[in-house]
Amino acid sequence: MRVLIIEDDPILGESLEEYLKDNGIEVHWVHDEREIEYIYNFDQYDVIVLDLMLKYRKGEDILRELRGKNINTPVLILTAKSDIKDKEVCFNLGADDYLTKPFNPKELLLRINALTKRKHIDETLKIGDVEINLSSKILTKKGKEIKLSKTAWELLYYLIRNRGSVVETERILNHVWGDKPVGDEIVRTYIKELRKILPKNAIKTYKGRGYKLE
C-alpha cells in the first residue's frame, strides 16, 4: 500500500510517516504543498491524506484541483476544522473521509485500510459483450476468456477508473510506463490492441489530448 501525506506540520508529519511505515505502508510525505506540482502520477497512491490548513495553499483548493483533473484516488481529510460546514464543503468537492485533530494514529490507520478495501472492492464491469472482473483481472467476451498482457491490462484498468473522462496521453504514460523512455506511439499500439477486443467506438481518441472510455 502507498500513501501520500500532504501535511506541513513537521512534528505531526514525521510521526505519521514513522507510524504508517511501522505498519507496513509505503509513505511519501510532502511537507511543502507546493511540491505536489511535481507529482505527475497521483494514481500510484492508494490513499491521499490531506491537511486543510496549509501554509501556501488551502487544502480545499488542492482537493478541487485533483478532482478537476479526474484524479480519483481516495482522499482522507486530516484537519483541526471540525465545523459541519467545512466537512460539507470537502465532501462536496470529492473527499472520501474526514478525520479531525487531535486523533489517535490507530484510527487513521483503520480509515486508510477501509478506504483501500473500498477502492479495490470486487467489481464486475460490462462494456457491450465484454465482461471485466476488476478484482480477479479476468476479461471475457461472449463467455470466452481473453488473455491480456500486463501492460494492456494496466492501460485498460486506468481507462476504466477514469471512464467517461478524457485521459491525457502524458498521464497514461506516467501511470503505465512510469520512468521508461517510451513515446506516444506505444500508447497508440496498446489502444489498438484493446479496440480489437472492446465494442466498436468504446474508446474514443481526442487528437492532441488523449483517450476516453465510453
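**Close-up views of a predicted model**

**View 1. Thr79 and its surroundings.** Leaving out neighbours within four places in sequence, Thr79 is in contact (heavy atoms within 4.5 Å) with Asp51, Leu52, Met53, Tyr98, Leu99, Thr100 and Lys101. The model is predicted: local features need pLDDT of at least 70, side-chain atom pairs count only at pLDDT 80 or more, and totals for chains, interfaces and linings use all residues. Residues are numbered from 1 along each chain as its sequence is written, and side-chain values use heavy atoms, with hydrogens and water left out. Thr79 sits in strand E4 (residues 75-79). Strands (E, at least two residues) and helices (H or I, at least four) are DSSP runs, numbered from the N terminus. Thr79 has 0% relative accessibility, so it counts as buried. Buried means under 20% relative accessible area, exposed over 50%, and partly exposed in between (1.4 Å probe, protein chains only). The Thr79 side chain reaches the backbone nitrogen of Lys81 at 3.0 Å.

**View 2. The cis peptide bond at Pro102.** Lys101 and Pro102 are joined by a cis peptide bond, with omega about -5°. Pro102 lies in the loop between strand E5 (97-100) and helix H4 (105-119). Most peptide bonds are trans.

**View 3. Two loop residues with positive phi.** Most residues other than glycine have a negative phi. Lys142, not a glycine, has a positive phi of about 55°. Its loop runs between strand E8 (138-141) and strand E9 (144-146). Lys142 counts as exposed because its relative accessibility is 71%. Asn201, also not a glycine, has a positive phi of about 70°. This residue is in the loop between helix H7 (184-195) and strand E11 (203-206). At 55% relative accessibility, Asn201 counts as exposed.

**View 4. Helix H5 against helix H6.** The axes of H5 (residues 150-161) and H6 (residues 169-177) come within 10 Å and cross at roughly 130°. H5 is therefore oblique to H6. Angles under 35 degrees count as roughly parallel, over 145 as roughly antiparallel, 65 to 115 as roughly perpendicular, and the rest as oblique. Axes are lines fitted to C-alpha atoms, for helices over the stretch in contact; angles run from 0 to 180 degrees between N-to-C directions. H5 contributes Thr151, Glu154, Leu155, Tyr158, Leu159 and Arg161 to the contact, and H6 contributes Arg171, Ile172, His175, Val176 and Trp177. These residues divide into six nonpolar, two polar and three charged. Ala, Val, Leu, Ile, Met, Phe, Trp, Tyr, Cys and Pro count as nonpolar, Asp, Glu, Lys and Arg as charged, and the others, Gly among them, as polar.

How values were computed. A polar contact is a pair of N or O atoms within 3.5 Å; within protein, one must be able to donate a hydrogen and the other to accept it, and residues adjacent in sequence count only if both atoms are side-chain atoms.
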